[in-house]
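Q: I have the sequence and the structure open. Please show me how to read a few features.

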Amino acid sequence: MLIHTLEELREKIKSAHKAGFQLEVHAIGNRALETVLDALEGAEVPSGARPVITHCQVMGEDLMERMSWQGVVASIQPSFVSTDCKWVQARLPVEVQRVSYCWKSLGERGVMCAGGSDAPVEDCRPLGGIYDAMHRVPHAGKPRGGKEGWREEREVAFLPEECLSFSEALRLYTIGGAYACHAERKLGRIAPGYQADFVVIDRDVTGPRREEDCRHALLEAAVEQVWVGGVCRLDTKGENERKVFASAAILGGPFIPGKNGPLRGQGRKQPQQLEEEDMWVLQNKRLGAGCCGH
């Protein structure tokens, strides 16, 4: 279902590029992806402009090669593998499945991939996305996070040869994201001369899943601190923070688990119902309790 013809898309891309904007186009399916690549080529968008194609879920060997030499950045959502894989296997031919959600193959062909979530369609938390990039197993409609809220299943990975290592998955959410926005010389690494952006997590998350129950530390870990530009913006144990986490029943937007989340639409407070105690107070700064009016 193409929204634009090739000619229309080429003209829109040409106009945006001429105005100095970085291009980002959503494409799911090999016909959509081929149309976007043709439009980028026809509009003479150079590889150095780093045009972004978002989703890149059903592809082809030839299209992955084109993405590489055209300098396209793939904005991908690893959690889509886990929520989509069961119906993908039921609806797509086997030969098409082999070139679907192929994040490792993209990287091996020199395509820079940036990890995201597509929140609120999926859970916004990067640790869950890193886990999905590594393991590629179905979610089965379970909420994420918390010792009581997750029940890992012994599922078979969808295209296990496409599973990423921890380092490769972490790269999606650090170096990959920085590269996508032309900021790889100041963001995405912990190194001299880079902006001091990092998080402190309450446990080691680099190991494998536990054999006895298939649980993984990534799904149980809690973020203790968030540092942005060398300044601590969130400290769950800090003296100035009276309330760190609000209930999922209060928060809306990306704080509700995604399309498989059982809390979606249940008991959520409307903006006019928010009380004083529902507000966050972080280091003497008062913030609203969510986004999009919630």
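Q: Where is the place of Ser100?
A: Helices and strands are DSSP runs, helices being H or I with at least four residues and strands E with at least two, numbered from the N terminus. Ser100 sits in the loop between helix H5 (94-97) and helix H6 (103-108). Residues are numbered from 1 along each chain as its sequence is written. The model is predicted: local features need pLDDT of at least 70, side-chain atom pairs count only at pLDDT 80 or more, and totals for chains, interfaces and linings use all residues, while side-chain values use heavy atoms, leaving out hydrogens and water.

Q: Is Ser100 buried or exposed?
A: Buried means under 20% relative accessible area, exposed over 50%, and partly exposed in between (1.4 Å probe, protein chains only). Ser100 has a relative accessible area of 0%, so Ser100 is buried.

Q: Which residues does Ser100 touch?
A: Contact means heavy atoms within 4.5 Å. Not counting residues up to four places away in sequence, Ser100 touches Gln57, Val58, Leu92, Arg136, Phe158 and Leu159.

Q: Where does Ala27 lie, and what does Ala27 touch?
A: Ala27 lies in strand S1 (residues 24-27) and counts as buried because its relative accessibility is 3%. Leaving out residues up to four places away in sequence, Ala27 touches Ala32, Leu33, Val36, Ile53, Thr54, His55, Cys56 and Gln57. The C-alpha atoms of Ala27 and Met59 are separated by 9.7 Å, with the two residues 32 residues apart along the chain.
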